[in-house]
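Please look at the model first.

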Amino acid sequence: MGAAIAFVAMALGGGDPAAAASTRVRFHIQPQPYPEALLDLAQQANVTLIGAAACPGVSRSPVAGAMTVEEALSRLLAGAPCDWRMVAAGAVEISPARQAEVAPTPPPARPVIVGELLVTATKRVRDSRELAVGITAIHRRRLHETGASDPSDAAAQMAGVLTTNLGPGRNKLLLRGLSDGVFTGRARSTVATYLDDLPVNYNAPDPNLRLVDVERVEVARGPQGALYGAGALSGVYRIVTRKPDLGQWSAEARVTGATTKGGGPSGAVEAYVNVPIAGDTAGLRLSAYNEVQGGYLDDIVQNRSNVDRTERQGGRLTLLAQPREALSITVTGAAQRLRSEDTHYTIRGIGRKRAVLIPEPHENDIELVTGTARYSWGGAELTSSTGFVRHAYGSLFDATPVQETYTDDAETLAYSERTRTRMLVQDIVLTSRGASKLKWLAGLYASEARLRSPSELLAQNPGEPNESVYSERRHETIREIAGYAEISYEPAPGWMLALGGRLYDIERRIRSDVAAERFDPRSQESRNHYTGISPKISLQRQFGNGDLVYVVISEGFRPGGVNTGGAEPPPKARETFSSDRLRNYELGLKLERFENRLSLSSALYYDVWKGIQTDQFQESGIPYTTNAGDAHVLGLEAEVAFRTDNGFLAQLNGRVSRTRTTKANLEFTPVLAKSLPGSPPISGGALISYERPVFGDWTMRLVGQAIYVGLSRVSFDARLPRTGGFTQTRVLGEISRDGRGAQVFVTNALDSFRDTFSFGNPFTAPQARQITPQRPATVGMTLFASF
């Protein structure tokens, strides 16, 4: 029988088994039932598969990278209840494992480097080095090794990723310098933030989710409107959480303590536990954390020390059920509560002191529930994701400088703004599987976001309750329905042409009620409707050695809206703001050299941004949204990683860009700054890591990290001062054994005092130059143990 099989296989493939095994193929196989994983391997390697049904069970780890068929089979079936053998060139036979034999041992795992991970930011599992998009993935191991717990920490390892620095829970994520301004308001965020398959923001500041028990962080740069819609104008930031392991119980705990020069103590406790239930068909994973970031600014007017203290607590519970090999159901509930006691800015010239008449606290709370079902069969996979998000955030600002406009009877005036968002999302996508020349995906998306945004000015007098002298009650509902698809075809070996697009229908309903002590009350209702398509086309060429060159044209879009705030009705020219659209032209290169020790990912891009939406403030301090004008951005980004077999790793990333603004909206400003606000022409990061065994089976690791953010403007107004031009540093040392150990870290070791953000309060900004200094030198230790 074996001879007959070999004869058939040789007739199909020709040659001998050794020749087939020596050919290197780039694989990307996701964890899934072994028969399905083997089918993917066979399709990607173009080999004949015999007896896949003889291997029951589910694979636990992905197989990614360039390797021989033999190496891929060894990795995939390590620990599986089956054996494999090459019966002829291009033919693999699978058989049940013999009891007396030991399962093949997988080769040692290589250190994770830039671009080596499987990612799902393109709504299918792919090796990032084979995608026609600028994408970076940071594995959980790298997050652990560098002590990264926030988006700003991870940004140092990603080209073109920046955050503003208004304070925790107030910041904006920026990709490629495609910034519509540093403030948040009515305009939808330019970066779509996702937790697994669920968007978690609409027009809110980044919720600053702590990176606890996550599998990886993915960033896809450039417009992703074809797959993700209006909230992905400049890209997608995605946190992929760890899912329950159905095979074994595990747990981990981490405790951190730190002290800041001249500031309060900081600390954090985080832990997770993984529990298999119902045999190997279900499991749950629970993680939780509690963190205090000590303040370091003193207020000389309020006579308070370390006023900018922040607390953050959160948790996540995930249940995974796999009743059948081809079906999995995941349900996740997560919540985070963030409280900052005061803002993080001060006045230039008085060091880390400040002089604000009243406290300016901030809160940012988020809760979500999501359910995802995946069903796969021979040629396709269906994924349905349903989620509900409740996001609540708010701030208080000292508005005393404008109190004469609203009242004469107040010692101080406070501006309170709050937003409560409830968002329901449904996304269904069907994707092809395998390595055929034709690949496709098609999806349907629907969402409804309800925003309640009350704001008011409060007259304050000692010993008396606050009195509202201005208020707006704004209610907004945004409904979106979209269909999207992408099809790719391999017309010749190594070539891939892809075409995709998203057809959308967006409806926006707004109701506003305004009341003021000195002005007539008014009410307003409006409705806006937007339809259109966001296209994408790409062509890529992958060479035999794995190098990839691609060109892509893609678009992003945001709907317009209506301004309703202010004691008096807004001028006719500011009643509404129009939609904006960004078109991206990109040429990319990805390569590996020296047996994958050196990797490079780079992209040259040119963006045309029409009718840029921006959130701004009136002279009275009340926010509004307008269209600033157009911009043309030419940029180059690159990520380079080099590793050696003795434990050394060096990563460099950088972005340079040139912006030209045109067609200024004269109702906003007669002259636009040449560069986009919050978009420095130069930014970059570096990471150096070295590890080696010490004291027998202990491992020592040393990590140095730095990020540079160049100068930029805080507004489209060229008259306002520049911000940035600073470097942030972090040095870390670790010693560990068997998942237990300690880290010691130092940030801002030279105690640099540079302005990271020239803004803090829109009401007092005209009076004095506001700056946000770097956190002073901080020393800390983390103890961790896994079980």
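Q: What makes a run of residues a strand in this predicted model, and how are the strands numbered?
A: Strands are DSSP runs of E with at least two residues, numbered from the N terminus. With that rule, β24 (380-398), β25 (412-432), β26 (438-460), β27 (467-489), β35 (613-617) and β36 (623-627) can be named as elements that each supply at least two residues of the lining of the largest cavity.

Q: How is the lining of the largest cavity divided by class?
A: The lining of the largest cavity comprises 16 nonpolar, 12 polar and seven charged residues.

Q: What is known of the second largest cavity, and which residues are closest to its centre?
A: The second largest cavity has a volume of about 120 Å³, and of the 14 residues that line it, L195, L209, Y289, R316 and A334 are the closest to its centre. At least two lining residues come from each of β19 (310-324), β20 (327-340) and β23 (362-376), while by class the lining has nine nonpolar, two polar and three charged residues.

Q: Why are β8 and β12 said to stand at the edges of their sheet?
A: The open sheet of five strands has the order β8-β13-β14-β11-β12, with mixed pairing. Two strands pair if DSSP finds at least two bridges between them; β8 (134-139) and β12 (198-199) each have a single partner strand, so one side of each is left without a neighbour in the sheet.

Q: How do you know that β11 and β14 are paired?
A: The rule asks for at least two bridges, and five bridges join strand β11 (residues 191-195) to strand β14 (residues 235-241), so the two count as paired, and they run parallel. Within this pairing, Y194 has R238 of β14 as its bridge partner.

Q: Why is the contact of E215 and R242 called a salt bridge?
A: The rule requires a side-chain nitrogen of Lys or Arg within 4 Å of a carboxyl oxygen of Asp or Glu; the side chains of E215 and R242 meet at 3.9 Å, N to O, so the pair qualifies. E215 lies in strand β13 (residues 214-221) and R242 in the loop between β14 and β15 (250-260), 27 residues apart. By this rule the count comes to 66 salt bridges.

Q: Why does R242 count as buried?
A: Buried means under 20% relative accessible area, and R242 is at 19% relative accessibility, so R242 falls under the cut-off.

Q: What makes R508 and E476 a salt bridge, and are they buried or exposed?
A: Their side chains meet at 2.4 Å, N to O, which is within the 4 Å of the rule. R508 in strand β28 (residues 495-516) and E476 in strand β27 are 32 residues apart. R508 has a relative accessible area of 2%, and E476 is at 2% relative accessibility, so both count as buried.

Note on methods: Residues numbered from 1 in each chain as written. Predicted model: local features only at pLDDT ≥ 70, side-chain atom pairs only at ≥ 80, totals over all residues. Heavy atoms only, no water. Helix = DSSP H or I, 4+ residues; strand = E, 2+ residues; numbered from the N terminus. Nonpolar A, V, L, I, M, F, W, Y, C, P; charged D, E, K, R; others polar. 1 Å grid on protein atoms, 1.4 Å probe; cavity = no way out; pocket = protein on both sides within 12 Å on 5 of 7 lines; lining within 4 Å. Points joined across faces, edges and corners; volume = space filled by probe spheres on them. Buried < 20%, exposed > 50% of the residue type's maximum accessible area, 1.4 Å probe, protein only.
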